[in-house]
Amino acid sequence: MKIVILGCGRVGGTLATQLDEAGHTVSVIDKSSDSFQRLNPKFKGDRIVGNGVDEEVLRRAGLEDADAFAAVTNGDNRNIMASQIAKEIFHTQKVICRIYDPLREQTYRELGLETICPTQVITNMVSNALIGTRPATTPNKN
Amino acid sequence: MYIIVGGGGDVGYYLTRYLLQQGHETLLLEKETGRFQTLEEELGQSVLRGDACEARTMEEAGARRADVVIAVTGEDEDNLVICQTAKKRFNVSRTIARLNNPKHEELFQKLGIDVTVSPTKSILSLIESELPGQRFVLLMNLKRAGLEIAQITVSSLSPVVGKALNQINLPRSSNLALVIRDDKPIVPSGDIVIQANDEIYALVNREGEEELRNTFGTA
């Protein structure tokens, strides 16, 4: 598969390295070239420096003919906007968007984005480790 | 009208003051403590501390009864999220976003933002119109009508020089609104003869723009 990853932080860097090792064609975008130090030195994919909400940058990363896109920068809004560009403009088949803020995550899930909320995931895991069960999700009034 | 403004930079501040002066109930949202305090000294109750991207802040701001939400932060992605959240979560009927990158216009429209305003684009066209040698400048976009206002300076080499307006094939969707000749405005009629250095103001839609440029030899 051809995969574009936005954000080369801990998650993005690890994800890019793993997918590359698994034989996928990966390109990774980050606004700072320093971040690429997180990649395994043997990483074969493209490293693109640029702003992930800029269509041109995404094009340079090969999003036009990519099968999948993951937005994992530390900015919720940047991930949200980049994911919507991938879906609406590049018509990428699989788009995954990380959103830390649970309320924002809910909004965009309802709007049709495939989202992952680390806050919720970790909360559930910690809670599970502490008391052995996952607490019932309290429906938020918002 | 109740208007919520997201982002208390210069644009947000002056906009809020203007809207208040116009008699609208207006609330400005600013997330940064230092900036908020400065704004509060001047705007008092009309500014609230909080991140307009967060649903919690918007709830507190009473977004449910807002008629308009305007997002004017310096980041396009923040402005997008503010407007989408307002629409999706709080059913705000009209959302307006400031665009820093004019290329995002189409995307924002696709994503349901009602109005986009691009200062960068306006500044570029204003400067462009003041540069010597520019023969075709888009001055303004009338979005709802799907029209643009273009300024054309007729070159002495232009194929239309010496022709009457009714002899010139203009794109069907275009309309010459005004000719300025020797600093005097003329409302053009069919028999006006185009001269070199005439300054023409035309209304044209996107499809007709290219044809209009070709007609006047400014392409």
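**View 1. Strands β2 and β3 of chain A are paired in parallel.** A:I29 has A:I48 of β3(A) opposite it. Strand β2 covers residues 25-30 of chain A, and four bridges link it to β3(A). Strands count as paired if DSSP finds at least two bridges between them; strands (E, at least two residues) and helices (H or I, at least four) are DSSP runs, numbered from the N terminus. The model is predicted: local features need pLDDT of at least 70 and side-chain atom pairs pLDDT 80 or more, while totals for chains, interfaces and linings use all residues. Residues are numbered from 1 along each chain as its sequence is written, and chains are lettered from A and ligands numbered from 1 in the order in which they are written.

**View 2. An open sheet of six strands in chain A has parallel pairing.** The strand order is β3-β2-β1-β4-β5-β6. At the edges, β3 (46-49) and β6 (114-116) of chain A each pair on one side only.

**View 3. Strands β4 and β5 of chain B are joined by a right-handed crossover.** Four bridges pair β4 (residues 68-71) with β5 (residues 94-98) of chain B in the parallel sense. The chain passes from β4(B) to β5(B) through helix α4 (residues 76-90) of chain B. Right-handed means that, with the strands pointing away from the viewer, the path from the first strand over the helix to the second runs clockwise. B:V69 has B:T95 in β5(B) as its bridge partner.

**View 4. Strands β5 and β6 of chain B run parallel.** Three bridges join β5(B) to β6 (residues 115-117) of chain B. B:R98 has B:V117 in β6(B) as its bridge partner.
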